[in-house]
Amino acid sequence: MMGLMPSEETRTMTPPTVRSSAAHDAGKAGGASTRAWTMRLLVLGIVLSALNLRPAITSLGALLEEVRDGLGMSGSVAGLLTSVPPLCFAVFGVMAPRLARRFGAGAVVCAGMVAIATGLLIRPYAGGTAGFLAGSALALMGIAVSNVLMPVIVKHWFPDRVGSMTGLYSMALALGTALAAAVTVPLTDTLGGSWQTGLALWAGLAVAAVLPWLPFVRGRVTPPGAEKAAGTATGGNPVQDPEATTTSAQASAPAEHARVEAPRLRMARSRTAWALAVFFGLQATAAYITMGWMAQIFRDAGVPAGTAGLLLAVTMVMGVPLAFVIPRLATRLPHQGPIVLALGVCGLVGYAGLYLAPAAGAWAWAVLLGIANCAFPLALTMVGMRARTGPGVAQLSAFAQSTGYLISIPGPLLVGVLYQHSGGWGLPIALMSALMIPQMVVGFLAGRDRTVEDEAAR
């Protein structure tokens, strides 16, 4: 009994503040570990999701001739098929912020990956053009909501690393685009030559992208900094962060109130928002014409199908290094207009080459058009820079992408019509070149150093 008394006395005399401090430190260590794991999982989810945002389109571009023959499509109907992506992006993209407010951005992106996997799996076997279009629309719906929410997630979770994270996301997107263009034809040949199998195999990549988002669906993981809104319950600083709980169902009442009360911006009143939307639409027009038709241009010039797919892959893979460099450069410049002009000049030279010597200089034109296509990561970066807050980025992203994709719908369709009725690529290439001029103008205007909150607030 006496032997126990010193330890008993010691335990009794331990100051409560010491025990509380030790528990608090342990909690902080556990919280830091959880946050680090969460951030790694989120980065993985962003990268895998970005890899899935273009294979549905570029895999089809690589096999477009086989799909047209298999489904009995005319050139005009094929043009309609290449116009489906921007149509779906415009229609479904505008729903993304509302869905994110209700279910959380992570849950919506997870559902988007499920839609991509399902659409890619069923569209080759749906039977007929209508079924193919319906399956494509389902996959593109998932791509649309993810397109809009990726800049929001980057701004929300990585506010001090918008440039580098946008670059990482854009690199993964470009890699997925190029990978689908490069390997779809060889894999199709390896698997027996069936275009249905060649298109359906990309559903597996989308299934893999679902997994990292599952914790964000079940638990609505709290972003870093959200605990600040909870006050001083654990000795913290009672500073509220209105953006910290945009996707968290576990937010405290003050932070939740701040989220609900975030001002709605009238984007139609902002010249910057309109310039960014038109720039986004014109660069999307060029991108979807390239993804849908460039392989066919090379094939009609006498380039073998496998080489034409590789040329398209080269165009897409140029975005891997440049999509990381350009956003980081853009965030360091007060005006992004010079980058817009440089990319536009590359596009004009590439189109001239396609017209004058499509086969002889094919690799050079593929590289130049790949550089021009990096207007997409630049546009995403400017979305994050032209708004000061997370809710502002969400609204600007939805407006610019939905409006932009509506603008881009006629381009691929018109290229198909011109190609069919003129019997060559002269008029379609002239159209692509003509559209590059206004793209450079509005992109220069969108690059000015200002924010939509100053122009679009009620």
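At its relative accessibility, does Pro377 count as buried or exposed?

Reply: Some conventions come first. The model is predicted, so local features need pLDDT of at least 70 and side-chain atom pairs count only at pLDDT 80 or more, whereas totals for chains, interfaces and linings use all residues. Residues are numbered from 1 along each chain as its sequence is written, and side-chain values use heavy atoms, with hydrogens and water left out.

Pro377 counts as buried, at 5% relative accessibility. Buried means under 20% relative accessible area, exposed over 50%, and partly exposed in between, with a 1.4 Å probe and protein chains only. Pro377 belongs to helix H19; helices are DSSP runs of H or I with at least four residues, strands are E runs with at least two, and both are numbered from the N terminus. Apart from neighbours within four places in sequence, the contacts of Pro377 are Thr166, Ser170, Ala323 and Pro327, where contact means heavy atoms within 4.5 Å. Gly319 lies 58 residues from Pro377 along the chain, yet 8.4 Å separates their C-alpha atoms.

Eight cavities of 30 Å³ or more are present in the structure. A cavity is a set of points, on a 1 Å grid over the protein atoms alone, where a 1.4 Å probe fits but cannot get out, and its lining residues have an atom within 4 Å of a point. Points are joined across faces, edges and corners, and the volume is the space filled by probe spheres set on them. The largest cavity contains about 230 Å³ of space. It is lined by 20 residues, and Leu173, Thr177, Met316, Asn373 and Phe376 are the closest to its centre. Two or more lining residues come from each of helix H9 (162-190), helix H14 (271-300), helix H15 (305-317), helix H16 (319-332) and helix H19 (375-385). H14 contributes the most, with five residues. By type, this lining has 12 nonpolar residues, seven polar and one charged. Here Ala, Val, Leu, Ile, Met, Phe, Trp, Tyr, Cys and Pro count as nonpolar, Asp, Glu, Lys and Arg as charged, and the others, Gly among them, as polar.

H14 also holds Gln296, which counts as buried at 5% relative accessibility. Residues up to four places away in sequence aside, Gln296 touches Glu65, Tyr419 and Trp425.

The second largest cavity has about 130 Å³ of space. Among its 15 lining residues, Ile57, Leu60, Leu81, Thr82 and Pro85 are the closest to the centre. At least two lining residues each are supplied by helix H3 (55-62), helix H5 (75-93), helix H8 (128-157) and H14. H3 is largely enclosed by the rest of the structure, because eight of its eight residues are buried.

The whole chain gives the setting for these details. It has 23 helices and zero strands, and 53% of its 458 residues are buried. Of the contacts between residues at least 6 apart in sequence, 81% join residues at least 24 apart. The accessible surface is about 18,700 Å², with 67% of it belonging to carbon and sulfur atoms; such areas come from the Shrake-Rupley method with a 1.4 Å probe, and for residues only the protein chains shown count as cover.

How values were computed: 1 Å grid on protein atoms, 1.4 Å probe; cavity = no way out; pocket = protein on both sides within 12 Å on 5 of 7 lines; lining within 4 Å.
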